[in-house]
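Please walk through this structure step by step. Keep the sequence and the 3D view at hand.

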Amino acid sequence: MSERIIDCGDGTFKMRTCVWSPPGDHPVGCGMYLTVKDGKVVDVEGDPEHPITNGRLCVRCLTLPEYIYNDRRVIYPLKRDPKDRGKDKWERITWDEALDIIEERVNYIKENYGAEAIVAFQGTGREATLYKTPLAYAALGTPNSCFPMSGDSCYGPRCSVADFILGAGYPELDYAAYFPDRFDNPEWELPKYIVLWGKDPLFSNPDGFFGHAIIDLYKLGSKFIVIDPRVTWCAAHAEIHLQLRPGTDAALGLGLINVIINEDLYDHDFVENWCYGLEELKERADQYPLDKVEEITWVPAELIQKAARTLAANHPSSFMWGLAIDTNANGTQAGHCFLNIAALLGDLDVPGGVTLAVPASFMGKWRYECSKELPEGMLDKQITDNEQYKGFKAAHLIAHPDCILDTLETGEPYPLKMAWFYATNGIANTTNAQPKRWYNALMKMEFNVCQDTFMTPTAMGMCDLFLPVASAAEHDGMVLPHFGRNTHMVMAMNKCVEVGETKSDLEIDFLVGKRLNPKAWPWDNVSDFFTEQLHNGGVEKTFEDLREEGWFHMPFQYRKYEKGLLRPDGDVGFNTPTGLVELCSSLYEDWGEDPLPYYEENKLTPYARPDLMENYPLIMTTGGRETTSFHSEHRQIPSLRAIMPWPLVQINPETAKKYGIEDGDWVCIENPLSKAIEKAQVTEIVPPQVIHCQHGWWFPEQDGEAPNLYGVWKSNINSLIPHRAIGRIGFGAPFKNVACRIFKVDGLNALGTLSPDTEEGAIGTDPASFVSTPEQARAALYPNEKKQESVVVGGVECFPGLAEAPYELPGLVQWDAEKGAGFVNGHIYDPNTQWALDPETGTYFDAYTGYAYDAEASNLVDLETGKRYDLATREEIA
Amino acid sequence: MSQYALLIDYKYCTGCHVCEVSCRKEHDIPLDEWGIKINEMGPKKLSNGEWIWDYVPVPSQLCDLCADRVAEGKKPRCVHHCLAACMELIPVEEAGAKLAEHGAKTVVYMQ
């Protein structure tokens with residue numbers, strides 16, 4: 001094993017560390033040495049002894065010094081008067097002053113509104129995933145801890161489905177990660193095939209998986225079966241690529257299941273002993289014959305059949321499921337299909353298959369106990385639609401994101417008054433699905449705190465206090481791949497340098513906790529805390545031991561279900577109500593959900609909405625990752641921005657030609673909700689009807705003040721995603737399948753740069769304000785709802801009782817709420833023709849002047865005076 | 001002293017840019033110059049139905065195969081960090097054998 005510190009002479013030394021965050025990444029814990037000279041990190045080099053990464057590092061770690069010492073970094077606490085939100089009027093303060101402000105504001109909120117009026121948001125992936133909820137529960141005292149992505153659409157849905165169906169932590173590809181001798185371990189087998197379902201792991205390094213481990217297996221002989229609308233690098237190198245229409249994963253899954261069961265390809269021994277509901281599943285899959293599945297998914301029937309047969313004939317094979325399962329309102333069902341297929345083929349928890357794990361109690365016990373710090377009854381006030389989202393509630397101890405936005409907008413069931421942005425640049429990324437609605441709602445808060453590394457659009461736009469967070473090189477930490485849900489190694493992240501007055505997320509928890517609720521925060525330092533967590537996880541080591549050793553492997557056994565290692569009672573089987581893998585769920589019916597997987601179209605696709613097909617014929621998918629950024633991070637890192645300078649939209653050459661777009665042109669992507677601008681990358685990797693748009697873009701080099709906010713609204717692709725268009729039990733929003741159209745524009749600024757509150761920010765000029773109100777959004781999502789309430793008078797659709805016009809009223813037109821229509825001098829206004837009409841005489845009247853239209857003379861006439869006016873200029877005709 | 005060459009088994013190269021950035025950091029090369037640069041073939045569906053999507057890193061004259069690091073017994077920085085582990089520093093005289101071992105889509109560069 002490598003040494004912890006290497007003395008290089010001259011006071012220069014190299015320190016070994018396994019890095020998590022910040023900058024953002026999942027807990028992979030890539031091993032490296034940081035060279036420190038005169039108190040600064042001057043070099044980064046991979047640690048060849050690290051069992052997983054073997055010295056390899058991606059460009060984000062290689063450029064770590066550009067991040068740490070970036071001149072846009074915030075390294076001291078800052079405050080700003082809430083009146084100056086959006087203005088660069090920050091003032092440096094001390095940590096003591098920052099804590100004084102927090103203490104005063106939190107106590108004020110508690111006394112006047114109750115602690116539940118505070119909501120704490122987090123981004124994805126970073127250490128915040130472990131430390132934000134404890135801050136909310138055990139320091140701030142609020143039950144409203146929230147991951148604000150609509151439908152909880154990142155990792156949570158997959159973990160929840162795995163919990164419901166398998167009663168286990170995250171099912172992961174077996175890449176021999178648990179074994180110190182890796183691929184040489186005699187128990188391990190090479191997966192013959194690896195199914196990459198809605199996942200491109202090379203550059204996403206998802207949730208603790210080192211992406212290029214895929215290439216390690218590929219070199220050893222594993223083959224790929226890729227299920228993805230895009231031809232990813234792995235798809236281009238795959239044996240079989242099922243290039244499905246975005247969002248139809250559940251239909252494809254049912255097609256595969258149909259073949260596996262009806263061709264008797266399943267593992268009889270495993271299914272008979274360890275699975276529940278085969279007959280019911282067969283019955284359901286029979287409703288998805290391959291010709292029907294081909295029509296829904298675009299995937300040729302023979303290719304679906306070939307994939308199923310290939311997997312059945314090549315045991316062991318492994319399966320990876322990706323974000324596409326989460327970002328889909330039908331994803332709960334797609335995930336159920338995915339697990340059912342792995343179970344039917346007998347590839348669960350066998351060498352070279354899919355590893356299962358019991359979630360480790362590292363941090364878990366502590367996090368659970370933090371919820372007990374909430375006063376009696378407080379958890380009942382957590383904002384989640386408990387009736388509708390019972391499944392979400394069963395899996396999560398946090399507030400539901402879509403319900404939180406509804407509460408922010410309506411003040412029901414009670415008003416929220418303070419927000420804490422914990423490692424999230426929300427409006428650029430995570431407070432998403434119509435982020436401008438979140439922005440408008442959050443601007444109403446009395447007090448907003450941000451803890452982050454850089455001044456972001458979210459901090460500049462909305463926050464009043466900025467707490468500077470330490471980078472991975474500036475603090476001690478413990479790295480837990482899969483956040484403890486399938487943790488092959490525990491690793492130490494070592495503090496190497498100090499920068500300004502930054503503190504780690506956990507240190508900030510300690511500082512705030514000791515002020516607000518000291519009994520829950522007894523530790524003197526993070527080292528003592530981590531030692532306690534190791535002991536909670538059954539490991540008799542101290543954090544200092546871990547730092548010295550660098551990492552240690554967790555014990556692992558295959559076929560845990562045969563050994564009583566998956567259930568807390570020690571019985572054999574799976575930790576589900578039936579004790580079996582639930583091919584048919586025994587839980588879902590109680591939650592108002594079908595116990596079997598089914599296919600349902602997401603709400604805003606051209607297929608769910610044929611009325612949109614003509615104007616919005618393309619399908620937008622988003623969320624694909626680049627090696628140069630972690631979501632909205634890294635946009636200010638020179639070496640990385642040089643590689644990926646602008647947000648790209650991938651367009652098939654045929655489609656590009658049709659719309660007169662060439663590679664490198666700026667393109668507006670528009671749908672009934674909003675617009676965004678990105679740069680065209682003309683490529684065959686997307687089918688003609690699909691475009692892929694990058695997410696998380698802002699431009700740190702641009703004006704940071706409002707309304708521009710570093711250009712955060714210009715390429716804000718999340719604006720095109722509808723709010724609360726999620727699955728029945730609360731999971732999955734359509735981030736990868738909404739209708740859209742594209743057209744060429746002059747540049748990134750072609751639509752303006754504008755705040756939702758300005759006149760220029762009105763429809764058509766501002767990329768993100770097309771739908772700025774909840775009512776308009778609902779009307780766009782549910783057109784039939786509007787139609788049901790309307791009546792037709794004189795050929796004009798009226799909405800009796802509607803307080804405001806559902807369309808723009810020009811000129812003299814006045815809205816009559818009772819009649820539900822606009823009127824000019826008593827004549828009803830028709831928004832389709834943009835003329836007012838007297839239904840009795842059939843006479844049209846100009847909406848701007850009220851003059852009648854004389855069809856014969858082709859001009860306007862004032863019926864009172866008899867004077868005539870020009871049709872175009874509306875000037876009197878002499 | 002043996003003369004070295006850089007072998008790249010580019011059928012595994014995923015275009016991760018690590019060699020480019022590693023080289024910049026090692027040799028302090030500005031952002032608009034290159035010590036090694038990734039070239040891309042495809043992604044393109046060939047008329048025979050197969051996809052081609054290959055990246056081929058090509059070193060420039062600024063590459064000295066990290067002579068200083070190699071003298072210290074280390075690998076060149078690009079080889080050390082390559083995510084696909086598809087780069088290797090080899091003695092020139094072994095080039096033929098190494099090419100045969102790695103097979104199709106392998107290149108060897110002399111610097």
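This is a predicted model: local features need pLDDT of at least 70, side-chain atom pairs count only at pLDDT 80 or more; totals for chains, interfaces and linings use all residues.

Residues are numbered from 1 along each chain as its sequence is written, chains are lettered from A and ligands numbered from 1 in the order in which they are written, and side-chain values use heavy atoms, with hydrogens and water left out.

Start with the sheet in chain A. It is open, with 7 strands in the order E6-E5-E18-E17-E16-E7-E8 and mixed pairing. Strands, marked E, are DSSP runs of at least two residues, while helices, marked H or I, need at least four; both are numbered from the N terminus. Two strands pair if DSSP finds at least two bridges between them. Strands of a sheet pair through backbone hydrogen bonds, either parallel or antiparallel. Strand E6 (91–92) and strand E8 (145–146) of chain A are the edges. Each has a single partner strand, so one side of each lacks a neighbour in the sheet.

Helix H21 (residues 505–516) of chain A touches strands E16 (418–422), E17 (447–452) and E18 (465–468) of chain A. Its direction makes about 150 degrees with that of E16(A). Angles run from 0 to 180 degrees between N-to-C directions; axes are lines fitted to C-alpha atoms, for helices over the stretch in contact.

H21(A) also has a helix partner. Helix H4 (residues 128–140) of chain A packs with H21(A) at an angle of about 5 degrees, their axes 9 Å apart. The two helices are therefore roughly parallel to each other, a label for angles under 35 degrees. Residues of H4(A), including A:Tyr131 and A:Leu135, meet residues of H21(A), including A:Leu506 and A:Val512. By class, this contact has 9 nonpolar, 1 polar and 2 charged residues. Ala, Val, Leu, Ile, Met, Phe, Trp, Tyr, Cys and Pro count as nonpolar, Asp, Glu, Lys and Arg as charged, and the others, Gly among them, as polar.

Now turn to chain B. Of the 6 residues in strand E1 (residues 4–9) of chain B, 5 are buried, meaning under 20% relative accessible area with a 1.4 Å probe, protein chains only. E1(B) pairs antiparallel with strand E4 (residues 87–91) of chain B over 5 bridges. Here B:Ala5 has B:Ile90 as its bridge partner. Another 5 bridges join E1(B) to strand E5 (residues 106–110) of chain B, again antiparallel. B:Leu6 stands opposite B:Tyr109 in E5(B).

How many residues does each chain bring to the contact? Chain B gives 28 and chain A gives 34, with contact meaning heavy atoms within 4.5 Å. The buried area is about 2700 Å², with 62% from carbon and sulfur atoms. Buried area is the accessible area (1.4 Å probe) that two parts lose on being put together, summed over both. In chain B, B:Trp51, B:Trp53 and B:Leu83 lose the most area to chain A, together 25% of what that side buries.

Two residues of chain A remain. A:Asn205 is found in the loop between helix H6 (201–204) and helix H7 (213–220) of chain A. A:Asn205 counts as buried because its relative accessibility is 8%. Beyond its neighbours within four places in sequence, its contacts include A:Asp25, A:Arg60 and A:Phe210. A:Leu612 is found in helix H24 (residues 610–613) of chain A. At 7% relative accessibility, A:Leu612 counts as buried.

Definitions and conventions
Buried means under 20% relative accessible area, exposed over 50%, partly exposed in between (1.4 Å probe, protein chains only). Angles under 35 degrees count as roughly parallel, over 145 as roughly antiparallel, 65 to 115 as roughly perpendicular and the rest as oblique.
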